Amino acid sequence: MIRLAICVAALAALVSCTAPSGPVTDEKRDLGDFVLGHNIVVAPQFQKGPLSREASKDAFIASMKNAIDARFGRYDGDRVVHFGINISGYVLAQNGVPLVLSPKSALIITVTAWDDRAGGKFNEEAREFVVLESFTTFGVSSGMTMTAEEQMDNLTFNAAKQIETWMYDNRACLADDVPAEVLAECWKDTSQERAERKKQLDELR
């Protein structure tokens with residue numbers, strides 16, 4: 001047991017944190033005429049998940065806003081899109097035992113995209129995202145390799161990237177004169193996406 005503890009401590013000391021956060025270096029995606037308008041993040045029902053580290057609501061809001069600005073501030077179209085983001089829950093993994101108990105960090109948000117030109121929502125029903133952390137080292141919990149702030153920034157970085165993918169998937173509706181048959185298919189979840197989110201939420205409970 002003592003030998004295992006020594007090995008775990010040594011491994012944690014050697015691991016370097018490579019989870020993405022901060023500046024966005026990947027290529028821009030084709031988001032049609034997108035340009036970011038208001039970036040509004042709220043957390044009126046902010047909840048900590050089971051076995052989580054403590055996190056400040058204000059810090060999470062600031063981290064999410066920074067991640068959205070960093071990723072979407074790169075676009076310079078002429079269709080202004082406002083984001084309303086609600087942070088509803090989080091888990092920041094605590095220290096776990098590698099390969100036996102490796103708790104994962106997670107973030108739950110809902111997003112509404114607003115069309116400035118039309119003065120209304122693109123998606124009538126807020127889109128839910130279940131965001132998981134990026135792994136730093138196989139079998140090692142981020143609770144051993146990252147601070148709570150680093151975990152938070154990693155989660156919001158990944159959240160902004162998921163939102164970017166969502167906008168990309170609906171890029172056909174980010175233009176004028178969208179055909180009715182195309183518009184009818186925009187901003188809708190597939191049954192597979194809903195099933196995957198349910199599975200992720202069940203695993204976090």
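**Helix packing, core and backbone features**

Trp-187 counts as buried, at 13% relative accessibility (buried is under 20% relative accessible area, exposed over 50%, partly exposed in between, with a 1.4 Å probe and protein chains only). The structure is a predicted model, in which local features need pLDDT of at least 70, side-chain atom pairs count only at pLDDT 80 or more, and totals for chains, interfaces and linings use all residues. Residues are numbered from 1 along each chain as its sequence is written, and side-chain values use heavy atoms, with hydrogens and water left out.

Trp-187 is not a glycine, yet its phi is positive, at about 65 degrees. Trp-187 sits in the loop between α5 (180–183) and α6 (191–204). Helices (H or I, at least four residues) and strands (E, at least two) are DSSP runs, numbered from the N terminus. Leu-51 also has a positive phi, near 60 degrees. Its place is the loop between β2 (47–48) and α2. Leu-51 is exposed, with a relative accessible area of 71%. Most residues other than glycine have a negative phi.

Two packed helices are described by the angle between their axes and the distance between the axes. Helix α2 (residues 57–72) packs on helix α4 (residues 148–169) at about 45 degrees, with axes 8 Å apart. Axes are lines fitted to C-alpha atoms, for helices over the stretch in contact, and angles run from 0 to 180 degrees between N-to-C directions. The angle makes α2 oblique to α4 (under 35 degrees is roughly parallel, over 145 roughly antiparallel, 65 to 115 roughly perpendicular, the rest oblique). Residues in the contact (heavy atoms within 4.5 Å) include Phe-60, Met-64 and Phe-72 of α2 and Leu-155, Ile-163 and Met-167 of α4. By class, the contact has 13 nonpolar, 2 polar and 4 charged residues. Ala, Val, Leu, Ile, Met, Phe, Trp, Tyr, Cys and Pro count as nonpolar, Asp, Glu, Lys and Arg as charged, and the others, Gly among them, as polar.

The largest nonpolar core has 37 residues. Such a core is a set of buried Ala, Val, Leu, Ile, Met, Phe, Trp, Tyr and Cys residues joined through side-chain atoms within 4.5 Å. Helix α4 gives the most to this core, with 7 residues. Phe-72 is among the residues with the most contacts inside the core. Not counting residues up to four places away in sequence, Phe-72 touches Leu-31, Phe-34, Leu-36, Phe-83, Ala-160, Ile-163, Glu-164 and Met-167.

Glu-149 also lies in α4. Glu-149 is exposed, at 56% relative accessibility.
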